[in-house]
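Hi everyone, thanks for coming.

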Amino acid sequence: MGHLVTLGEHILNNQKRVGHSTGELSHLLSCIRLAAKVVNSEINKAGLVDEIMGQYGKTNVQGEAQQKLDVYANRKFIDAFEAYSQVCGVASEEEDSFVAFESDECMQGKYVLLIDPLDGSSNIDVNVSIGTIFSIYKRKSLRGTKANLDDFLQRGTEIVAAGYIVYGSSTMMVLSVGNGVHGFTFDPSVGVFFLSHEDIRIPKSGKIYSVNEGNYPFFSDGIKEYLKYCKEHDKETGRPLTSRYIGSLVSDFHRNMIKGGIYLYPETTLAPQGKLRLLYECKPIAFLAEQAGGKATDGENRILEIEPKALHQRTPLIVGSSDMVDKLHSFL
Ligand code: AHG
Ligand code: MN
Ligand code: MN
């Protein structure tokens, strides 16, 4: 039997390769791995434990209904980072503002973490795949001080590492520290993530398009024309394409990255900035897409180059196979 590489080993090997010699990034990733296991085991119980199910009865800063598991996952990740003193601060989709840790150990931290603790939360109650999205940046402020807003409002080109966990038919962590994208599948019988998808590459083109087409009347003419194109019958170019939409960005993106496809959440007349959050969702997904050979834009600009102005900023997102993103652009 060949040697199975665990996520822990991969992180250590990688540390040497990308020259993060202090090991801080490795510890940080280990911390994410640990919190992911805890959240995973809770998610697997979601159908069993009445307390976890259903609405928490509160709305988050963006006015969306918050599910109990959102709150749980948010707490688990933030507590783990504070306890392990690996970052000086965390910005989460579920918090009104960023959290700056105040212990001396934390304030010495070199990195900040941005997180969507539970993505696709409307799917929790119906046993459909959900996820966690994270990204890590070097802080701008001085070590030894409290993290400030500028530490979090950096361009995606500054990302040091990003990834997601998808709690699906199996649980996977997909990660990039800037040298390709690697996937690790969780083996619950031993509680370990094993390297299962080395160097994932998004096919240059694919058959799948993913969009909430219920928003059709509110899309721009360019997007409408593109969607008509996706559905046209044309043998030569293999159309119509196949429509697949889960409603969990992590899962929709993961499938398209493996199989080839395009995901779009464009602006609408009702939501001129789109729905997805630039910092917690779009930038990490864009980083992974590019690391896997794909593209990610807001219809005009590369997502990674957008200058963030606010923590909870939204942006339109077009992401996936590079030829498909280019094709869509030709309609705009
Ligand atoms: P979250 O659960 O973190 O709020 O994110 C939900 C997002 C994203 O995961 C998904 O792709 C999108 O919202 C779905 O939106 P629609 O229901 O409008 O299609
Ligand atoms: Mn989300
Ligand atoms: Mn969320």
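I'll start with the metal sites and then move on to salt bridges.

Quick housekeeping: this is a predicted model, so local features need pLDDT of at least 70 and side-chain atom pairs count only at pLDDT 80 or more, while totals for chains, interfaces and linings use all residues. Residues are numbered from 1 along each chain as its sequence is written, chains are lettered from A and ligands numbered from 1 in the order in which they are written, and side-chain values use heavy atoms, with hydrogens and water left out.

Okay, metals. Which residues hold the manganese ion we call ligand 3? Its protein donors are E93 (OE), D116 (OD) and L118 (O), and they lie 2.2 to 2.3 Å from it. By donors I mean N, O and S atoms within 2.8 Å of the metal (3.2 Å for Na, K and Ca); water is not among the atoms, so sites may look incomplete. Along the chain, the spacing for this ion reads E-x22-D-x1-L.

Now the manganese ion that is ligand 2: D116 (OD), D119 (OD) and E281 (OE) coordinate it, at 1.8 to 2.2 Å. You'll have noticed D116 again; that residue bridges the two manganese ions, ligand 2 and ligand 3, which lie 3.7 Å apart. D116 sits in strand β5 (residues 111-119) and E281 in helix α8 (residues 278-291), so this pair ties together parts 165 residues apart in sequence. Helices (H or I, at least four residues) and strands (E, at least two) are DSSP runs, numbered from the N terminus.

Buried means under 20% relative accessible area, exposed over 50%, partly exposed in between (1.4 Å probe, protein chains only).

On to salt bridges, meaning a side-chain nitrogen of Lys or Arg within 4 Å of a carboxyl oxygen of Asp or Glu. The count by that rule is 15.

Elsewhere, D252 pairs with R255, closest N and O atoms 3.0 Å apart. They're three residues apart in helix α7 (residues 249-259), about one helical turn, and both are buried.

Last one: D326 and K295 meet at 2.8 Å, N to O.
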